[in-house]
Structures are given as structure tokens and as C-alpha cells.
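Here is a short tour to read with the model open beside you.

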Amino acid sequence: MNINQIKNIGAAIVLSALAIWIGLLFGNSFQLNEASFDKTVASEHRFLLKEKLAPAFESASSNVFSFTNKIVAAESEVNKALEAEGKGDLKISDSYQIALTKASGVGFVSKNNVLLFFLVFGLLIFGTMLFILPDLKKLPGIKNDGIFKHPVNRGKVLGIILGSLLISFYILLYFFPQYIINWLIVLDPLSKFMNGGMASQWFLYGFLYTVAVLTMGIRMLIKYRHNKYQMVRTGSVMFFQLIFAFMIPEILTKLNMPSADLKNMWPLDYSFFFDYRIDEKIEAGTLGTFMFVWGIVLFAVGVPVLTYFFGKRWYCSWVCGCGGLAETLGDPFRQLSDKSMKAWKIERYLIHTVLVLAVVMTAGVLFTYFTGKPKLLGVLDTGTLRYYYGFGVGSIFSGVVGTGFYPIMGNRVWCRFGCPLAAYLGLVQRFKSRFRITTNGGQCISCGNCSTYCEQGIDVKAYAQRGQDIVRSSCVGCGICSAVCPRGVLNLENLAEDTKKI
């Protein structure tokens with residue numbers, strides 16, 4: 001059996017696992033019972049809501065969609081009734097959809113969630129390994145085989161289909177989590193083990209995110225095994241995702257402490273200064289205070305100091321979860337980044353606009369927190385600012401577009417055009433940093449590998465041909481341009497500022 005045959009088997013297994021995973025959305029039935037209903041629903045809503053949901057107690061729904069729609073309709077009727085009675089303050093503000101649906105599962109998925117967990121993710125990981133491990137038989141080094149011709153990688157029909165599936169997942173995750181209840185039920189045993197509670201959509205997201213980074217990280221380690229820098233860097237993002245982004249927050253939750261990704265920071269973590277998060281940390285005592293102070297020191301001191309010595313790569317390419325997913329899951333699509341001058345202009349305006357919006361929104365949130373006044377400068381409603389920033393930037397841009405557009409616009413869409421932390425890091429790197437990529441124009445053969453592989457849309461070849469150092473604020477120092485250069489023209493270095501060739 002040759003390498004391509006093994007890869008095809010692996011791809012078929014992965015597709016089978018994904019088909020089962022999608023099929024799980026429809027593979028369960030639901031019926032309300034008195035015990036779970038009384039345990040889940042607050043006493044002030046129990047009587048009215050039970051009356052509206054009477055049919056759901058008598059017969060099972062064959063799918064999650066019809067069941068949750070019954071709950072939505074019942075909650076709407078209850079709220080209208082309370083409003084009519086002048087009891088608007090008792091209206092249901094936090095929907096019971098997810099909690100009631102999970103507690104009412106009585107079908108195949110609920111009864112076999114452990115088996116389904118191992119079946120789906122066992123097949124997924126096994127198939128992925130069959131697809132990527134045969135590359136170990138190839139000689140180390142970049143071959144450029146299929147980088148523009150592969151039907152998925154070239155941004156055409158299959159890429160658009162894959163992108164559409166990713167976008168659909170993010171829309172369900174952010175806006176319709178009630179429809180993915182069966183996926184949460186499958187992860188309940190793992191969630192109970194790690195944090196003591198039932199799986200939420202964010203536990204699901206964190207788990208899938210981590211699986212993607214780890215499995216595709218192995219692919220990165222194999223593909224770039226000729227380059228020590230890439231091996232260490234990939235190992236770093238895998239470590240930080242598994243330990244800091246996934247395990248530590250779940251352990252903190254199990255200990256009844258505020259959940260926190262200690263490597264994440266403002267303004268990427270845009271809700272860091274929200275009132276409920278500040279109060280949560282204060283109430284947690286010493287550890288909570290440490291988390292709050294650590295977060296402030298990290299962005300106020302850590303960013304300028306570490307970026308001065310190492311460039312923004314210390315975070316964007318070694319630590320950040322967004323960068324980790326882009327470098328692993330997104331690596332097959334890095335060549336799709338637009339290298340045009342027009343794209344560069346849009347990038348500069350857009351990413352710094354998002355940074356300004358993050359600063360204004362945060363200023364408004366802090367103003368309201370300390371003064372109790374709802375409007376900043378008497379004009380800007382801080383609650384509205386917070387909502388629209390969270391919806392537009394936090395959900396749509398960073399999630400739906402940022403990841404869903406990997407197969408269409410390349411793997412660093414969010415990092416390049418929208419991340420406010422990348423903008424902050426980039427400003428320091430551009431004007432006050434020892435880091436740069438040095439070039440030796442005399443050795444350049446104009447093969448174009450460097451520009452092709454640059455995920456940030458930098459025309460690296462143009463810099464190399466001029467013997468000019470690359471100090472662009474958008475450069476994340478991933479080092480792939482150097483790893484794919486056949487002549488050793490490009491080197492990542494930390495040198496005295498006055499030696500820059502610009």
C-alpha cells in the first residue's frame with residue numbers, strides 16, 4: 001500500500017467521523033419530566049411555564065429543533081403574561097432552553113454518549129494520523145507539491161464549501177447553541193471529569209479547538225521537521241493551548257474559582273474589564289486579585305518589554321490561541337493571503353480602527369463601573385458599545401470570519417485585519433523593537449517561496465531582492481519564509497535598533 005492510498009483511507013475515516021458528528025444533531029429524542037423541570041426552572045416561573053409546556057411532558061419530541069422551539073414559544077407566552085399582569089421584573093431573561101433540553105434527553109445520544117465520544121473522536125484522530133504520518137517517509141524539506149493545485153487549498157469550490165461549514169459551525173455556536181445540545185451531551189462525561197459540571201458550548205469549543213491544534217500541530221512538526229525553530233515554536237503553541245487555554249481554566253472552575261486563560265490579555269480579551277468579571281475576581285480573594293493584576297501587568301508591561309526584545313512573535317506565534325489555530329489548522333491555506341498593496345492598505349486602516357474601538361469601549365465600561373453613569377461623555381451608551389463590539393468584533397469578525405475564511409482568504413484573516421492586540425504589538429514592533437528579518441539580497445534567486453508562504457500578505461521577495469530588513473508591523477515572526485527559503489537568504493534576528501536596513 002503506497003502513501004497516497006494510506007492518506008486516502010485516512011481522509012475517508014475523517015469524513016466518516018465528521019458525518020457521524022453532524023448526524024448526532026438529529027439522533028436524540030427529548031421529553032420533559034417533573035424532577036428535572038423543577039430542578040432547572042426558578043420557582044417564580046415554574047407554574048406558568050409548566051402549563052405552557054404540558055404537551056412536552058406527555059410525549060417525546062423526535063429531534064432537538066422541535067423540542068427547543070416549544071421551549072422558546074412557551075417562554076415567550078410566559079413573558080407576555082407576566083408583562084400583562086404588571087410583573088415585568090419577573091420575566092424570563094435567561095432562557096431555560098439549553099438546561100431543560102439537556103436534562104430532557106431520552107434517546108440514543110443521551111444513552112450512549114460515552115460510546116459516541118470515543119467513536120467520533122477516536123475515528124477523527126486515527127484518520128488524521130493516517131493522513132499525516134505517512135509524510136514521515138518523505139525526505140525532510142519543503143516540496144511545494146500541490147500548494148496551489150490541491151482542490152481544497154486553492155480557495156475554489158471545495159475551499160468555499162469547507163469555509164461555509166466552518167462558518168455554519170460558528171453561527172450555531174455563538175447564536176443558536178440550543179441546536180447543538182446533542183454535541184454537548186456527548187461531551188458531558190469529559191466536562192464532569194474536568195470541571196465538575198455539564199458541558200457548555202464554550203467547553204465544546206475549547207475541546208474542539210484543542211483537538212484541532214494538537215492533531216494539526218503534529219502535521220506541522222512533520223512538515224517542518226527540517227527546521228528547529230518551527231519544531232520548537234509549534235510545540236510551544238500546542239503546549240499553551242492544551243495547558244493554559246484548556247486545562248487550567250477547567251481546573252479553576254472545578255475549584256470554584258474564576259475561569260481564566262492566563263496567557264490571554266486585553267484588548268484581545270475585550271471583556272477583561274467588564275463589571276461582572278472584575279467583581280468575580282474581587283470576590284475570589286487572593287487568587288482572583290492575582291489574576292486581575294497579572295492581566296494588567298501582562299498588557300501594560302509585558303507587551304512593550306517582550307516585544308522590544310523579541311518582536312510580536314513572542315505572543316502571536318508562540319503563545320496566542322488564535323495564532324496557534326492559524327499556524328496548525330490553517331497552515332494549508334497560508335498561501336491564500338492577499339499580497340497586494342490594496343490589501344495592505346485595508347489591513348492597516350481596519351486593524352487600527354478595531355484597536356481604537358476596543359479602547360473606546362473599554363474606557364466606557366470602566367467609566368460606568370466607577371461612576372455608575374450609563375453614558376460616556378454623556379453621549380455614548382456603554383452598554384450599547386459593549387454589546388455591538390462583542391457582537392461585531394468578538395463574535396462575527398474573530399470567530400465567524402476569522403476562522404471560517406481560512407480556506408478563502410488565508411489563515412490569518414483575524415490576526416491580520418482585526419485583532420486589536422496584534423495592532424498594539426505591531427505598533428511596538430514597528431517603532432521600538434530589536435526584532436527584524438534580515439535579508440541577503442545577493443543570495444536571492446527570486447523563487448518566490450517566501451512570499452507564497454507568508455500568511456500575513458507580505459511580499460517578502462521584494463524585500464529580499466533589495467536586501468532590506470523586514471520590520472513590518474504585521475509580521476508575526478512565524479519564520480516560515482526562512483524555513484522555505486532554499487538559499488538561507490532570510491534570518492530572524494534581534495539586533496541593535498540602529499542597525500536596521502530600511
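Of the 502 residues of the chain, 48% count as buried, where buried means under 20% relative accessible area, exposed over 50%, and partly exposed in between (1.4 Å probe, protein chains only). This is a predicted model, in which local features need pLDDT of at least 70 and side-chain atom pairs count only at pLDDT 80 or more, while totals for chains, interfaces and linings use all residues. Residues are numbered from 1 along each chain as its sequence is written, and side-chain values use heavy atoms, with hydrogens and water left out.

**The chain as a whole**

- The chain holds 24 helices and four strands; these are DSSP runs (helices H or I, at least four residues; strands E, at least two), numbered from the N terminus.
- Its radius of gyration is 25 Å, close to the 23 Å that the globule rule gives for 502 residues, so the chain is as compact as a globular protein of that length. The radius is taken over C-alpha atoms, and the rule is 2.2 Å times the number of residues to the power 0.38.
- The C-alpha trace spans about 80 × 65 × 40 Å along its principal axes.
- Among contacts (heavy atoms within 4.5 Å) between residues at least 6 apart in sequence, 76% join residues at least 24 apart.

**Helices α14 and α21**

- Helix α14 (residues 286-310) packs against helix α21 (residues 420-431) at an angle of about 45°, with the axes 9 Å apart. Axes are lines fitted to C-alpha atoms, for helices over the stretch in contact, and angles run from 0 to 180 degrees between N-to-C directions.
- The two helices are therefore oblique to each other; angles under 35 degrees count as roughly parallel, over 145 as roughly antiparallel, 65 to 115 as roughly perpendicular and the rest as oblique.
- Residues in this contact include Phe299 and Tyr308 of α14, and Leu421 and Val428 of α21.

**Helices α11 and α16**

- Helix α11 (residues 201-223) and helix α16 (residues 321-328) cross at roughly 45°, and their axes come within 8 Å.
- That makes α11 oblique to α16.
- Among the residues in contact are Tyr209 and Met220 of α11, with Cys322 and Glu327 of α16.

**Asp145**

- Asp145 sits in the loop between α8 (113-132) and α9 (157-175).
- This residue, Asp145, is exposed, with a relative accessible area of 54%.
- Asp145 and Asn491 are 346 residues apart in sequence and 24 Å apart in space, C-alpha to C-alpha.
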